[in-house]
Amino acid sequence: MFDFLIQGFGVALTPLNLGLAFLGALLGTLFGALPGIGPINGIAILMPLAYTLGLPAESSLILLAGIYTGSEYGGRMSSILLNVPGDAGAVMTTLDGHPLAKKGLAGPALGLSAVSSFIGATVAILGLTLFAPLLAIVAVKFGPAEFFALMIFAFASMSAMMGKDPLKTLIGAVLGVLISTVGVDSGTGVLRFTFDMPELYDGIDFVVMIIGLFAVSEILLMLEHAFRHDQDGEMAPIGRVMVKMSEVLYCKWAILRSSVIGFVIGVLPGTGASVASAVAYTTEKRISDHDNSFGTGNMRGLAAPEAANNASAAGSFVPMLTLGIPGSGTTAILLGALMLYNINPGPMMFREQPMVVGGLIASLYIGNVMLLLLNLPLAGVFARVLQVPRWLLVPSVAILAFVGVYQLHSDLMAIYLMLVIGVFGYLLRKFGFSLAPVVLGFVLGGLMEENLRRALSISGGDLAILWQSGLSIGLWIAAAAVAFIPLFAGRLKARFLPGRTA
Amino acid sequence: MPKSSSLRRWLAAAVAGGALLAGAVQAQAKPPECIAPAKPGGGYDLTCRLAANGLQEAKLIDEPMLVTYMPGGIGAVAYNHVTGVRNDDPNLIVAASTGAALNLALKKFGAKQSVDDVRWLGALGVDYGAVVVRNDAPWQNLDELMQALKKNPSSVVIGAGGTIGSQDWMKAALMAKSASIDPRKLRYVSFEGGGEALAALLGEHIQVFTGDLAELKPQLDSGEVRILAALAEERQGGPYADIPTAKEQGYDVEWPIWRGYYMGPKVSDEAYQAWVERLRELSQTESFAKLREGRGLFPMSKFGDDFDQYVKQQVAGFSQLAKEVGLTQ
């Protein structure tokens, strides 16, 4: 049954392919680490190159898959070090990763997240190897109604993040949802909030949103500090650089739970690393945040989203390899890459192209080990980046991001938009809003609206479709549970354990 | 102040030198460039790569062709850019498709932009619309499906990868119109791209998918889907030989999705003709045929005035159609 995998290791272990897997891992880490160049752009840039070099199909797929998985590793770096997410899946990583860096634990944070990434990816690759065809059947059962219920669940989980100021979290999420409505309406083709600017027809680009919201606002904050001659001494000196075994063990259940969550969400076509890491983080906060320290540098709060985003990257290969349907934006491009070689991914691929499928899966195993070996020692090196003064570091990263975004849009409008969003982000931060709910509202809101409307067009306007299948009923119950149980739990605790709360 | 004046002289020299240098660079022939009016990785990207790789392999260009991305407004940003800013660049071509013609007809590229504002260069390949159902669907041929729709247009859930007014919706609307069904009565669900729509078909959330023929090859091979009709003028060869056209089943609908290019309005006739010849020559090489098939495209050769006429006719037809189905007044 696993002939294709043995054959695959034969393919992946040739010197050329090992070298390419390493190159992909390295480049991917870099692409992920630089905000503005995510896996999608990295692959799009290198795909034609791989083709022009005349690499055989399995070799170039190994290279491109290495970039994809590598960038999920790299995305965490600027999240932890700069509080600027390196890519879509790394937004949640800022929440506990950056506070850890502020405490002088940048090295251990990078190390721990590398280990969580490794475990997340390994769990998902095992899942891919063992259950791919089976999972594919379940994945397509997820229709618009089920996706809508999943988004409701994700929003309900967000209430877990409402720690200090529930109202501000809510307002932030609503602002995000509002921003997601800009652009051509996905159902009717009507233009919404585009003000006759064609640049806004496609909506606001995720990268533009992230760089503006996080990086530009960070620079504005720094300018303000400089102007008032504040001490920008929020960074503790770098302490030890290696993560301790006890820290990894402290997070083991968080990592394993999040790996499974990430994999399952990755398998669903249409949702990716950003949704996976958000659900994993909020779930983990519910389960293991006993002392309310998530968001202030809790190691589990860092490990959970990192395990989940890597797991979802590997999970999104399932629908691509078994159904020919991309599970994420990045696998959509990989699908295009395969078609360049006259290979049509789909149900027949396991039979017709075992070399390619086996080689790819084998290279995911190998690439994952390489990424761990690459990222563990590098954690210490990258932690030193923090010794560069922030007034130099953050603007440099922002400039790189600006260049990247301009290169992709060939249009200044994207840059202006980024600046406007930056001012918006600055104001939000001045008023004490957290940025993560805004981004989550932006990502989840768009998906929620689209799927609600799809479901209703399928049913002809009958709302009952939203809770007709077992899957969606389960998700509704889960959503209600995460939203309301804490309320009751608080009250019950107050009633039965008055001594503890008082 | 001798110091500052000498500094000024140096600065002036530097500026002049810089300007000269810039001028020289400007005068030098720039490498050929293809704008993909979308983000990397989509159909427009592939269209540009088709020209870039093909021309390079056939040695029809001296320097590698640059592919740049200009996403925004489903192609509107690039259209405005080429009609306004780089309207005379002899080295610049822009990827386009049936979708661009449709958007022009629907005035989605801006109220002032028209099909006459650019120079249509040629098309290198084409795919065709297809009406697809799951292999366990009750309809064995197009007629059975159309009869069901006639009886009750909202009894069948149709889905595809575009909004109302998009290409995918147009396929469904045209099918309805050919059987005298009001397209507005269809139950149409729009997804984000054909992949998601196909997943919804396989997961039994929708019953009919109006997709593209070549795109469906993997699912066709595995027997998971049945293609009721190809929206082409005639049957295609190879693996598609058994798929009847809509026309031969009595429904006169064609939906070719061509992949081609345009240039700025002020490009000289000379430069325009040179590109026309380049593309024509490319389409006749054997290596290109392989490349084209790799992208899942059927042959199409329309270049120069021939193509220009074709696109203009198509846009006029779409405008008419949009009025009939109630998309525009």
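Helix 4 (residues 57-82) of chain A packs against helix 13 (residues 299-315) of chain A at an angle of about 165°, and their axes lie 9 Å apart. The two helices are therefore roughly antiparallel to each other, angles over 145 degrees being counted in this way, those under 35 as roughly parallel, those from 65 to 115 as roughly perpendicular and the rest as oblique. The structure is a predicted model, in which local features need pLDDT of at least 70 and side-chain atom pairs count only at pLDDT 80 or more, whereas totals for chains, interfaces and linings use all residues. Residues are numbered from 1 along each chain as its sequence is written, and chains are lettered from A and ligands numbered from 1 in the order in which they are written.

In the packing of helix 4 of chain A with helix 13 of chain A, the contact (C-beta atoms, placed from the backbone, within 7 Å) is made by Tyr68(A), Thr69(A), Glu72(A), Tyr73(A) and Arg76(A) of helix 4 and by Glu306(A), Asn309(A), Asn310(A), Ala313(A) and Ala314(A) of helix 13. These residues divide into four nonpolar, three polar and three charged.

A second pair in chain A consists of helix 2 (residues 15-33) and helix 17 (residues 354-383), which pack at an angle of about 55° with their axes 9 Å apart; helix 2 of chain A and helix 17 of chain A are therefore oblique to each other. On helix 2 of chain A the contact includes Asn17(A), Leu18(A), Ala21(A) and Phe22(A), and among the residues that they and their neighbours in the contact meet on helix 17 of chain A are Ser363(A), Ile366(A), Gly367(A) and Met370(A). The residues of this contact divide into nine nonpolar, six polar and no charged.

Between the chains, the contact takes 45 residues from chain A and 45 residues from chain B. On the side of chain A that touches chain B, helix 3 (39-52), helix 6 (106-141), helix 15 (329-340), helix 18 (390-409) and helix 20 (435-459) each supply at least two residues, and helix 15 of chain A gives the most, with five. By class, this side of chain A has 22 nonpolar, 16 polar and seven charged residues.

In chain B, helix 7 (residues 194-202) is mostly covered, nine of its nine residues being buried, that is, having 20 or more other C-beta atoms within 10 Å of their own. Among these buried residues is Glu196(B). Helix 7 of chain B is followed by Glu204(B), whose phi is positive, near 65°.

Methods
Axes fitted to C-alpha atoms, helices over the stretch in contact; angles between N-to-C directions. Helix = DSSP H or I, 4+ residues; strand = E, 2+ residues; numbered from the N terminus. Contact = placed C-beta atoms within 7 Å. Nonpolar A, V, L, I, M, F, W, Y, C, P; charged D, E, K, R; others polar. Buried ≥ 20, exposed ≤ 12 C-beta atoms within 10 Å, placed from the backbone.
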